[in-house]
Amino acid sequence: MTELADAGHPRSRTDVPLDVRATGCRRVVTAVLAYAGVRALGLAVLAVWSAARGTSAHTLLAARWDSLWYTRVAEGWYGYQVRLPEGGVHSDLAFFPLLPALERGFAQLSPLSAPDAGLLVSAVASLATAWALYLIGERLHGPRAGVCLAVLWGAVPVGVVQSMAYSESLFTALAAWALWAALTGRWVWAGTLAALSGLTRPVGAAVVAGVWCAALCELWRRRRGPGARMALGLLLAPTGWFGFVAWVGVRTRSVTGYLDVQGQWGNGFDGGWAFARFVWENLTGTFVGGLALLAGVALVLWLYALCVRQRQPYALLVYAGIVVALALCAKGYFGSKPRLLLPAFPLLLPCAVALSRRRPARAALALGALAAASAVYGAWWLNGSGPP
(Lines give C-alpha, C1' and ligand atoms only; values in the text may rest on other atoms or scores of the structure.)
Protein backbone atom coordinates (compact mmCIF):
# COMPACT_ATOMS: atom_id res chain seq x y z
CA MET A 1 0.00 0.00 0.00
CA THR A 2 2.90 2.39 0.76
CA GLU A 3 4.30 1.79 -2.71
CA LEU A 4 0.95 2.61 -4.30
CA ALA A 5 0.57 5.76 -2.25
CA ASP A 6 4.04 6.91 -3.24
CA ALA A 7 3.14 6.33 -6.89
CA GLY A 8 0.39 8.91 -6.66
CA HIS A 9 -2.49 6.72 -5.43
CA PRO A 10 -4.13 8.22 -2.33
CA ARG A 11 -4.16 5.97 0.68
CA SER A 12 -7.57 4.79 1.88
CA ARG A 13 -8.87 6.35 5.08
CA THR A 14 -9.40 2.86 6.47
CA ASP A 15 -5.62 2.30 6.30
CA VAL A 16 -4.93 5.29 8.57
CA PRO A 17 -5.11 4.70 12.36
CA LEU A 18 -7.94 6.50 14.16
CA ASP A 19 -5.59 8.50 16.40
CA VAL A 20 -3.68 9.76 13.33
CA ARG A 21 -6.94 10.79 11.64
CA ALA A 22 -8.12 12.54 14.81
CA THR A 23 -4.84 14.44 15.07
CA GLY A 24 -5.10 15.44 11.41
CA CYS A 25 -8.66 16.68 11.89
CA ARG A 26 -7.65 18.76 14.92
CA ARG A 27 -4.87 20.38 12.94
CA VAL A 28 -7.22 21.19 10.07
CA VAL A 29 -9.71 22.71 12.50
CA THR A 30 -6.92 24.73 14.12
CA ALA A 31 -5.83 26.13 10.74
CA VAL A 32 -9.37 26.98 9.64
CA LEU A 33 -10.26 28.60 12.98
CA ALA A 34 -7.04 30.62 12.98
CA TYR A 35 -7.84 31.82 9.48
CA ALA A 36 -11.42 32.62 10.52
CA GLY A 37 -10.08 34.67 13.43
CA VAL A 38 -7.97 36.76 11.06
CA ARG A 39 -10.94 37.47 8.83
CA ALA A 40 -13.22 38.17 11.82
CA LEU A 41 -10.74 40.78 13.02
CA GLY A 42 -10.70 42.36 9.58
CA LEU A 43 -14.49 42.55 9.45
CA ALA A 44 -14.69 43.97 12.98
CA VAL A 45 -12.22 46.75 12.16
CA LEU A 46 -14.07 47.44 8.91
CA ALA A 47 -17.38 47.73 10.79
CA VAL A 48 -15.95 50.17 13.34
CA TRP A 49 -14.12 52.21 10.70
CA SER A 50 -17.20 52.41 8.47
CA ALA A 51 -19.46 53.40 11.35
CA ALA A 52 -17.06 56.21 12.27
CA ARG A 53 -17.16 57.48 8.68
CA GLY A 54 -20.91 57.08 8.31
CA THR A 55 -20.60 54.43 5.59
CA SER A 56 -22.08 50.94 5.39
CA ALA A 57 -19.67 48.02 5.74
CA HIS A 58 -22.31 45.76 4.22
CA THR A 59 -22.57 47.96 1.12
CA LEU A 60 -18.80 48.05 0.76
CA LEU A 61 -18.63 44.26 0.91
CA ALA A 62 -21.67 43.31 -1.16
CA ALA A 63 -22.98 46.18 -3.26
CA ARG A 64 -20.12 48.10 -4.86
CA TRP A 65 -17.79 47.71 -7.82
CA ASP A 66 -17.78 44.23 -9.41
CA SER A 67 -20.25 42.94 -6.82
CA LEU A 68 -22.96 44.93 -8.57
CA TRP A 69 -22.15 43.26 -11.88
CA TYR A 70 -22.28 39.80 -10.35
CA THR A 71 -25.64 40.67 -8.80
CA ARG A 72 -27.01 41.85 -12.16
CA VAL A 73 -25.96 38.58 -13.80
CA ALA A 74 -27.46 36.59 -10.90
CA GLU A 75 -30.80 38.41 -11.10
CA GLY A 76 -31.24 38.69 -14.86
CA TRP A 77 -28.53 36.45 -16.32
CA TYR A 78 -26.46 37.80 -19.21
CA GLY A 79 -27.41 40.64 -21.51
CA TYR A 80 -26.77 43.79 -19.47
CA GLN A 81 -24.37 46.44 -20.76
CA VAL A 82 -23.50 50.06 -20.14
CA ARG A 83 -22.73 52.53 -22.92
CA LEU A 84 -20.03 55.00 -21.95
CA PRO A 85 -20.10 58.69 -22.93
CA GLU A 86 -17.17 58.22 -25.30
CA GLY A 87 -19.01 55.42 -27.10
CA GLY A 88 -17.49 52.37 -25.46
CA VAL A 89 -19.47 49.47 -24.02
CA HIS A 90 -19.10 47.60 -20.75
CA SER A 91 -20.79 44.20 -21.03
CA ASP A 92 -21.53 41.68 -18.30
CA LEU A 93 -20.08 39.00 -20.58
CA ALA A 94 -16.73 39.91 -19.03
CA PHE A 95 -17.79 38.14 -15.82
CA PHE A 96 -17.55 34.36 -15.56
CA PRO A 97 -20.75 32.58 -14.50
CA LEU A 98 -20.11 30.32 -11.51
CA LEU A 99 -20.36 32.95 -8.74
CA PRO A 100 -23.52 34.61 -10.09
CA ALA A 101 -25.05 31.18 -10.70
CA LEU A 102 -24.45 30.27 -7.05
CA GLU A 103 -25.85 33.64 -5.95
CA ARG A 104 -28.95 33.05 -8.05
CA GLY A 105 -29.41 29.54 -6.69
CA PHE A 106 -29.05 30.50 -3.03
CA ALA A 107 -31.31 33.52 -3.49
CA GLN A 108 -34.04 31.31 -4.96
CA LEU A 109 -33.70 28.61 -2.31
CA SER A 110 -33.37 30.85 0.76
CA PRO A 111 -34.45 34.25 2.11
CA LEU A 112 -31.06 35.69 1.12
CA SER A 113 -30.75 38.36 -1.53
CA ALA A 114 -28.26 37.80 -4.32
CA PRO A 115 -25.62 40.12 -2.76
CA ASP A 116 -25.95 38.37 0.62
CA ALA A 117 -25.74 35.01 -1.14
CA GLY A 118 -22.47 36.25 -2.65
CA LEU A 119 -21.17 37.05 0.83
CA LEU A 120 -22.15 33.56 1.99
CA VAL A 121 -20.38 31.93 -0.96
CA SER A 122 -17.22 33.92 -0.28
CA ALA A 123 -17.32 33.10 3.45
CA VAL A 124 -17.67 29.36 2.88
CA ALA A 125 -15.18 29.35 0.01
CA SER A 126 -12.56 31.24 2.04
CA LEU A 127 -12.81 28.65 4.82
CA ALA A 128 -12.49 25.90 2.21
CA THR A 129 -9.41 27.67 0.88
CA ALA A 130 -7.83 27.75 4.33
CA TRP A 131 -8.47 24.00 4.63
CA ALA A 132 -6.85 23.28 1.26
CA LEU A 133 -3.88 25.54 1.99
CA TYR A 134 -3.30 23.73 5.25
CA LEU A 135 -3.28 20.39 3.45
CA ILE A 136 -0.84 21.65 0.81
CA GLY A 137 1.48 23.21 3.36
CA GLU A 138 1.28 20.15 5.62
CA ARG A 139 2.02 17.80 2.71
CA LEU A 140 5.07 19.74 1.59
CA HIS A 141 6.55 21.08 4.85
CA GLY A 142 4.65 19.77 7.85
CA PRO A 143 1.56 20.77 9.87
CA ARG A 144 2.95 24.01 11.32
CA ALA A 145 3.73 25.26 7.81
CA GLY A 146 0.19 24.36 6.80
CA VAL A 147 -1.31 26.45 9.60
CA CYS A 148 1.00 29.37 8.83
CA LEU A 149 0.13 29.23 5.13
CA ALA A 150 -3.62 29.37 5.83
CA VAL A 151 -3.22 32.30 8.24
CA LEU A 152 -0.83 34.19 5.97
CA TRP A 153 -3.32 34.04 3.10
CA GLY A 154 -5.95 35.62 5.33
CA ALA A 155 -3.53 38.30 6.53
CA VAL A 156 -2.30 39.65 3.20
CA PRO A 157 -2.87 43.42 2.83
CA VAL A 158 -5.92 43.05 0.56
CA GLY A 159 -7.30 40.06 2.48
CA VAL A 160 -10.58 41.89 2.99
CA VAL A 161 -11.46 40.97 -0.61
CA GLN A 162 -11.78 37.38 0.61
CA SER A 163 -14.86 38.52 2.57
CA MET A 164 -16.45 40.44 -0.31
CA ALA A 165 -19.06 39.25 -2.80
CA TYR A 166 -16.23 38.86 -5.31
CA SER A 167 -15.01 35.70 -7.02
CA GLU A 168 -11.47 35.60 -5.54
CA SER A 169 -12.33 33.33 -2.59
CA LEU A 170 -14.38 30.94 -4.70
CA PHE A 171 -11.70 30.75 -7.36
CA THR A 172 -8.83 30.25 -4.90
CA ALA A 173 -10.74 27.50 -3.11
CA LEU A 174 -11.32 25.63 -6.37
CA ALA A 175 -7.73 26.21 -7.51
CA ALA A 176 -6.17 25.09 -4.22
CA TRP A 177 -8.29 21.95 -3.98
CA ALA A 178 -7.67 21.13 -7.65
CA LEU A 179 -3.92 21.40 -7.18
CA TRP A 180 -4.01 19.41 -3.95
CA ALA A 181 -6.03 16.71 -5.73
CA ALA A 182 -3.45 16.64 -8.54
CA LEU A 183 -0.54 16.44 -6.09
CA THR A 184 -2.19 13.48 -4.37
CA GLY A 185 -3.19 11.62 -7.54
CA ARG A 186 -6.95 12.30 -7.41
CA TRP A 187 -7.17 13.05 -11.10
CA VAL A 188 -10.93 13.10 -11.68
CA TRP A 189 -11.37 15.47 -8.76
CA ALA A 190 -8.49 17.60 -10.02
CA GLY A 191 -10.02 17.86 -13.48
CA THR A 192 -13.52 18.57 -12.17
CA LEU A 193 -12.33 21.31 -9.82
CA ALA A 194 -10.13 22.81 -12.54
CA ALA A 195 -13.17 22.91 -14.84
CA LEU A 196 -15.17 24.72 -12.15
CA SER A 197 -12.34 27.19 -11.58
CA GLY A 198 -12.44 27.86 -15.32
CA LEU A 199 -16.06 28.91 -14.90
CA THR A 200 -15.09 31.37 -12.15
CA ARG A 201 -12.32 33.64 -13.44
CA PRO A 202 -10.28 34.07 -16.66
CA VAL A 203 -7.17 32.94 -14.79
CA GLY A 204 -8.77 29.51 -14.50
CA ALA A 205 -6.44 28.61 -17.36
CA ALA A 206 -3.62 28.67 -14.78
CA VAL A 207 -5.31 25.89 -12.81
CA VAL A 208 -5.65 23.80 -15.96
CA ALA A 209 -1.94 24.30 -16.65
CA GLY A 210 -1.06 23.34 -13.08
CA VAL A 211 -3.10 20.13 -13.21
CA TRP A 212 -1.67 19.17 -16.59
CA CYS A 213 1.85 19.86 -15.32
CA ALA A 214 1.29 17.61 -12.30
CA ALA A 215 0.10 14.84 -14.62
CA LEU A 216 3.09 15.23 -16.93
CA CYS A 217 5.47 15.02 -13.96
CA GLU A 218 3.70 11.88 -12.75
CA LEU A 219 3.82 10.29 -16.21
CA TRP A 220 7.52 11.13 -16.52
CA ARG A 221 8.22 9.55 -13.15
CA ARG A 222 6.20 6.40 -13.84
CA ARG A 223 7.42 6.08 -17.46
CA ARG A 224 4.07 4.92 -18.74
CA GLY A 225 0.90 6.33 -20.26
CA PRO A 226 -2.02 7.78 -18.31
CA GLY A 227 -4.63 5.56 -16.75
CA ALA A 228 -8.33 6.01 -17.41
CA ARG A 229 -8.92 8.27 -14.39
CA MET A 230 -5.97 10.51 -15.19
CA ALA A 231 -7.03 10.78 -18.82
CA LEU A 232 -10.58 11.68 -17.79
CA GLY A 233 -9.32 14.31 -15.36
CA LEU A 234 -7.06 15.88 -17.96
CA LEU A 235 -9.91 16.03 -20.47
CA LEU A 236 -12.29 17.56 -17.93
CA ALA A 237 -9.86 20.25 -16.72
CA PRO A 238 -10.17 22.80 -19.60
CA THR A 239 -13.90 22.32 -20.27
CA GLY A 240 -15.11 25.10 -17.96
CA TRP A 241 -12.81 27.85 -19.21
CA PHE A 242 -13.03 26.85 -22.85
CA GLY A 243 -16.78 26.34 -22.65
CA PHE A 244 -17.52 29.85 -21.38
CA VAL A 245 -15.08 31.55 -23.75
CA ALA A 246 -16.59 29.60 -26.66
CA TRP A 247 -20.12 30.51 -25.53
CA VAL A 248 -19.20 34.21 -25.47
CA GLY A 249 -17.73 33.80 -28.94
CA VAL A 250 -20.98 32.31 -30.21
CA ARG A 251 -23.04 34.99 -28.49
CA THR A 252 -20.94 37.81 -29.93
CA ARG A 253 -20.54 36.02 -33.28
CA SER A 254 -16.79 36.39 -33.11
CA VAL A 255 -13.99 33.89 -32.52
CA THR A 256 -12.28 36.53 -30.38
CA GLY A 257 -15.53 37.53 -28.69
CA TYR A 258 -14.32 37.25 -25.10
CA LEU A 259 -11.11 39.14 -25.86
CA ASP A 260 -13.19 41.83 -27.56
CA VAL A 261 -15.43 42.15 -24.50
CA GLN A 262 -12.40 42.47 -22.24
CA GLY A 263 -10.88 45.01 -24.62
CA GLN A 264 -13.99 47.17 -24.26
CA TRP A 265 -13.32 47.21 -20.52
CA GLY A 266 -9.76 48.33 -21.21
CA ASN A 267 -8.33 44.96 -20.25
CA GLY A 268 -5.97 42.77 -22.22
CA PHE A 269 -2.49 41.25 -22.21
CA ASP A 270 0.25 43.57 -23.50
CA GLY A 271 3.28 42.01 -21.82
CA GLY A 272 3.29 44.61 -19.05
CA TRP A 273 3.90 47.64 -21.29
CA ALA A 274 0.96 49.65 -19.96
CA PHE A 275 1.87 48.83 -16.36
CA ALA A 276 5.50 49.83 -16.97
CA ARG A 277 4.31 53.18 -18.34
CA PHE A 278 2.11 53.62 -15.27
CA VAL A 279 5.07 52.94 -12.95
CA TRP A 280 7.24 55.37 -14.92
CA GLU A 281 4.60 58.09 -14.72
CA ASN A 282 4.52 57.66 -10.96
CA LEU A 283 8.31 57.78 -10.73
CA THR A 284 8.41 61.02 -12.66
CA GLY A 285 5.39 62.40 -10.81
CA THR A 286 4.84 61.24 -7.25
CA PHE A 287 8.26 59.65 -6.79
CA VAL A 288 7.32 57.86 -3.57
CA GLY A 289 4.34 56.22 -5.30
CA GLY A 290 6.56 54.97 -8.11
CA LEU A 291 9.07 53.54 -5.64
CA ALA A 292 6.26 51.78 -3.78
CA LEU A 293 5.07 50.19 -7.03
CA LEU A 294 8.59 49.04 -7.90
CA ALA A 295 9.03 47.64 -4.39
CA GLY A 296 5.74 45.73 -4.70
CA VAL A 297 6.71 44.20 -8.04
CA ALA A 298 10.17 43.34 -6.74
CA LEU A 299 8.63 41.65 -3.69
CA VAL A 300 6.36 39.49 -5.85
CA LEU A 301 9.23 38.46 -8.13
CA TRP A 302 11.50 37.79 -5.14
CA LEU A 303 8.86 35.56 -3.54
CA TYR A 304 8.47 33.63 -6.77
CA ALA A 305 12.25 33.18 -6.95
CA LEU A 306 12.14 31.81 -3.40
CA CYS A 307 9.44 29.38 -4.51
CA VAL A 308 11.75 28.13 -7.25
CA ARG A 309 14.68 27.81 -4.85
CA GLN A 310 12.39 26.00 -2.43
CA ARG A 311 11.78 23.45 -5.19
CA GLN A 312 8.05 23.58 -4.94
CA PRO A 313 6.20 21.03 -7.10
CA TYR A 314 6.18 22.10 -10.73
CA ALA A 315 2.38 22.23 -10.66
CA LEU A 316 2.46 25.00 -8.04
CA LEU A 317 5.25 26.87 -9.81
CA VAL A 318 3.44 26.80 -13.14
CA TYR A 319 0.14 27.84 -11.59
CA ALA A 320 1.64 30.70 -9.56
CA GLY A 321 3.80 31.83 -12.47
CA ILE A 322 0.81 32.18 -14.77
CA VAL A 323 -1.24 34.02 -12.13
CA VAL A 324 1.63 36.46 -11.53
CA ALA A 325 2.29 36.94 -15.24
CA LEU A 326 -1.36 37.67 -15.99
CA ALA A 327 -1.62 40.07 -13.06
CA LEU A 328 1.54 42.04 -13.81
CA CYS A 329 1.49 41.91 -17.61
CA ALA A 330 -2.14 42.83 -18.23
CA LYS A 331 -3.33 46.33 -18.94
CA GLY A 332 -6.40 47.72 -17.24
CA TYR A 333 -7.10 49.22 -13.83
CA PHE A 334 -3.72 49.05 -12.09
CA GLY A 335 -5.16 49.41 -8.60
CA SER A 336 -6.70 45.94 -8.95
CA LYS A 337 -3.36 44.14 -9.38
CA PRO A 338 -2.91 43.28 -5.68
CA ARG A 339 -6.40 41.74 -5.74
CA LEU A 340 -5.55 39.77 -8.88
CA LEU A 341 -2.55 38.30 -7.06
CA LEU A 342 -4.68 36.89 -4.21
CA PRO A 343 -4.98 33.43 -5.82
CA ALA A 344 -1.17 33.13 -6.07
CA PHE A 345 -0.97 31.41 -2.68
CA PRO A 346 2.25 29.44 -3.47
CA LEU A 347 4.09 32.76 -3.13
CA LEU A 348 3.36 32.60 0.61
CA LEU A 349 4.87 29.15 1.12
CA PRO A 350 8.46 30.36 1.74
CA CYS A 351 7.19 32.75 4.42
CA ALA A 352 5.01 30.02 5.93
CA VAL A 353 7.98 27.65 6.15
CA ALA A 354 10.17 30.33 7.73
CA LEU A 355 7.51 31.11 10.34
CA SER A 356 6.92 27.43 11.07
CA ARG A 357 10.57 27.12 12.11
CA ARG A 358 10.26 29.91 14.66
CA ARG A 359 9.19 29.38 18.23
CA PRO A 360 5.37 29.15 18.38
CA ALA A 361 5.07 32.34 20.44
CA ARG A 362 7.17 34.35 17.98
CA ALA A 363 5.31 32.94 14.99
CA ALA A 364 1.95 33.75 16.61
CA LEU A 365 3.13 37.30 17.41
CA ALA A 366 4.25 37.87 13.81
CA LEU A 367 1.03 36.48 12.38
CA GLY A 368 -1.02 38.56 14.81
CA ALA A 369 0.79 41.73 13.80
CA LEU A 370 0.22 40.95 10.12
CA ALA A 371 -3.46 40.25 10.78
CA ALA A 372 -3.89 43.59 12.60
CA ALA A 373 -2.11 45.50 9.83
CA SER A 374 -4.25 43.76 7.19
CA ALA A 375 -7.43 44.62 9.10
CA VAL A 376 -6.54 48.30 9.35
CA TYR A 377 -5.41 48.53 5.74
CA GLY A 378 -8.51 46.73 4.48
CA ALA A 379 -10.84 49.07 6.36
CA TRP A 380 -8.99 52.15 5.11
CA TRP A 381 -8.85 50.81 1.54
CA LEU A 382 -12.52 49.91 1.23
CA ASN A 383 -13.52 53.27 2.69
CA GLY A 384 -11.23 54.98 0.19
CA SER A 385 -10.41 53.99 -3.36
CA GLY A 386 -11.09 50.29 -2.80
CA PRO A 387 -11.13 47.66 -5.57
CA PRO A 388 -12.58 47.24 -8.42
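1. Ser167 lies in the loop that links helix 7 (143-154) to helix 8. The model is a predicted one, and the points below should be read with that in mind.

2. Ser167 has a relative accessible area of 0%. Because buried means under 20%, Ser167 counts as buried. Its side chain makes a polar contact of 2.7 Å with the side chain of Arg201. Arg201 is also among the contacts of Ser167 once neighbours within four places in sequence are set aside; the others are Tyr70, Leu99 and Thr200.

3. Helix 10 covers residues 204-222, which makes 19 residues. From first C-alpha to last, helix 10 reaches 28 Å, close to the 27 Å expected at 1.5 Å a residue. After helix 10 comes Arg223, with a positive phi near 60 degrees.

4. Which residues of helix 10 are buried? They are Gly204, Ala206, Val207, Val208, Gly210, Val211, Cys213, Ala214, Ala215, Glu218 and Leu219. An α-helix has 3.6 residues a turn, so residues three or four places apart point the same way.

5. Ala305 belongs to helix 15, residues 287-309. Is Ala305 buried, exposed or partly exposed? Ala305 counts as partly exposed because its relative accessibility is 35%. Pro350 is 45 residues away from Ala305 along the chain, and the C-alpha atoms of the two are separated by 9.9 Å.

Note on methods
Residues numbered from 1 in each chain as written. Predicted model: local features only at pLDDT ≥ 70, side-chain atom pairs only at ≥ 80, totals over all residues. Heavy atoms only, no water. Helix = DSSP H or I, 4+ residues; strand = E, 2+ residues; numbered from the N terminus. Expected span 1.5 Å × (residues − 1). Buried < 20%, exposed > 50% of the residue type's maximum accessible area, 1.4 Å probe, protein only. Polar contact = N/O pair within 3.5 Å; in protein donor to acceptor, adjacent residues only side chain to side chain. Contact = heavy atoms within 4.5 Å.
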